[in-house]
Amino acid sequence: LGVKNKRTKEKKMLASMIARASTSRARVVSSSSSASSSFEFSASFARAAQKHQLHPPRVRISPRRTHLNGIHEQQDRSNNGEEAHDNDGKDHPSNPGSSVNTLNTLLRESRRKSKPNMSDEDREEALEQMRELFIQYPKEGRVVGELVKQLENYSRWDTNTNNNARKEALEALEVHSEIVMEENVSSATLTTWALLLERQRNYTGARQKFARACEMDPKNFAAPHAWGMMELKRGIFNKARKLLLKSLKILPRSSTYNALANLENRCGDRKTARKYYEKSIEKQSGKSGSSSGYTQFALFEISCGNFDKAEELFERGWARLESSKSSLSSSESVHLLTSWADLLSTRMLPQQNQNKTEVGGVANSSSSSSSSSSS
């Protein structure tokens with residue numbers, strides 16, 4: 001009975017994913033001049049599978065049979081050692097190597113189309129392709145990870161679907177967890193899941209996933225780092241420090257040193273904060289074109305009143321950006337330049353006031369001299 005209930009839950013969740021993929025495909029099709037008004041997901045999915053070279057279900061596509069049933073029958077046959085059937089009804093020997101290569105190609109293509117500089121149509125198509133891939137490969141951690149990533153990005157550039165996209169991402173993770181069994185979910189997927197729960201302000205759930213991710217893979221530096229950043233935002237400094245130091249022990253990174261520096265600065269320990277900021281830019285020295293560590297360090301020195309040191313750090317950060325021209329139009333460069341401009345204006349203002357005072361003093365002196373002469 002327990003197995004039956006579990007399979008029913010999986011079917012409901014995957015049915016929800018299929019419905020969303022159907023809606024996405026419908027929007028793409030309706031935007032085309034040759035699109036028909038009617039839309040049937042089964043036939044459309046078959047066309048998409050042929051277009052993207054997706055592995056088709058191992059059963060015939062039938063209007064009375066959903067792809068969900070096809071997925072489960074595919075898994076059952078695989079478990080029983082049976083040969084695969086394409087949707088043409090012919091037997092095809094399985095080729096794991098070819099399957100992996102195809103999946104890698106499709107993931108690369110979807111990632112390329114989902115980049116911020118691509119058009120809305122390309123990103124929509126990339127997301128739809130990831131939904132279809134997830135239906136075909138629900139056990140693949142990298143597939144569900146990429147789907148969640150694209151759904152998160154989708155929620156940013158389409159605010160009308162923000163909540164729905166995140167809800168869909170959580171459902172995808174639940175489906176993946178049900179199919180591979182919760183104890184087999186990878187540490188990377190658990191970290192992604194925890195970050196998503198954090199954005200939903202489910203901090204208790206996020207902590208549970210982070211803890212599980214750290215337990216699953218003690219070498220996963222990203223899990224304690226992300227967990228520490230969450231606790232830092234929540235103001236739980238001792239816990240955050242412990243987690244960030246744990247991540248640092250696994251793999252020393254500039255971003256982790258920078259996070260620790262921000263933490264110590266907020267705690268009022270500027271000496272330790274400066275030490276971590278110096279470590280941050282030292283680690284960043286091998287990272288071409290990045291200036292974030294320099295900007296953060298400079299802002300810290302401004303808060304300490306060390307304007308000359310801050311200007312030096314801004315100059316060094318800008319030199320790094322110039323060494324990588326692709327970064328000159330990035331958000332990093334904008335942050336650096338605006339912060340630098342604020343510093344320059346702050347330093348110029350007292351000088352201007354002093355000049356005005358001196359000019360006013362000279363004018364008053366001249367006026368007094370003129371009055372004395374006339375008298």
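The model is predicted; local features need pLDDT of at least 70, side-chain atom pairs count only at pLDDT 80 or more, and totals for chains, interfaces and linings use all residues. Residues are numbered from 1 along each chain as its sequence is written, and side-chain values use heavy atoms, with hydrogens and water left out.

**Lysine 113**

Lysine 113 lies in helix H4 and glutamate 125 in helix H5 (residues 120-136), so the pair ties together parts 12 residues apart in sequence. Helices here are DSSP runs of H or I, at least four residues, numbered from the N terminus. Lysine 113 is buried too, at 10% relative accessible area. Now show Glu109 and Arg112: with Lys113 and Glu125 they are linked in a network of salt bridges.

**Arginine 111**

Stay on H4 and pick arginine 111. Its side chain forms a salt bridge with glutamate 146, 3.2 Å from N to O. Arginine 111 sits in H4 (residues 96-113) and glutamate 146 in H6 (residues 141-157), so this pair ties together parts 35 residues apart in sequence. Arginine 111 is partly exposed at 36%; glutamate 146 is buried at 5%.

**Glutamate 182**

Next, select glutamate 182 and lysine 209. They form a salt bridge, with the closest N and O atoms 3.9 Å apart. Glutamate 182 is in the loop between H7 (162-180) and H8 (187-199), lysine 209 in H9 (residues 203-216), 27 residues apart. Lysine 209 is buried at 15%. The structure holds 18 salt bridges.

**Cysteines**

Look at cysteine 214, buried at 11%, then cysteine 267, partly exposed at 37%. The disulfide count is zero (a disulfide is a pair of cysteine sulfur atoms within 2.5 Å).

**Helix H13**

Finish on H13, residues 270-284. Its 15 residues should span 21 Å at 1.5 Å a residue, and its end C-alpha atoms are 21 Å apart, which agrees (the expected span is 1.5 Å times one less than the number of residues). Color its buried residues: Thr272, Ala273, Tyr276, Tyr277, Ser280, Ile281 and Gln284. They pack against H11 (237-250), H12 (254-266), H14 (292-303) and H15 (307-323), where contact means heavy atoms within 4.5 Å.

Conventions
Helices (H or I, at least four residues) and strands (E, at least two) are DSSP runs, numbered from the N terminus. Buried means under 20% relative accessible area, exposed over 50%, partly exposed in between (1.4 Å probe, protein chains only). A salt bridge is a side-chain nitrogen of Lys or Arg within 4 Å of a carboxyl oxygen of Asp or Glu.
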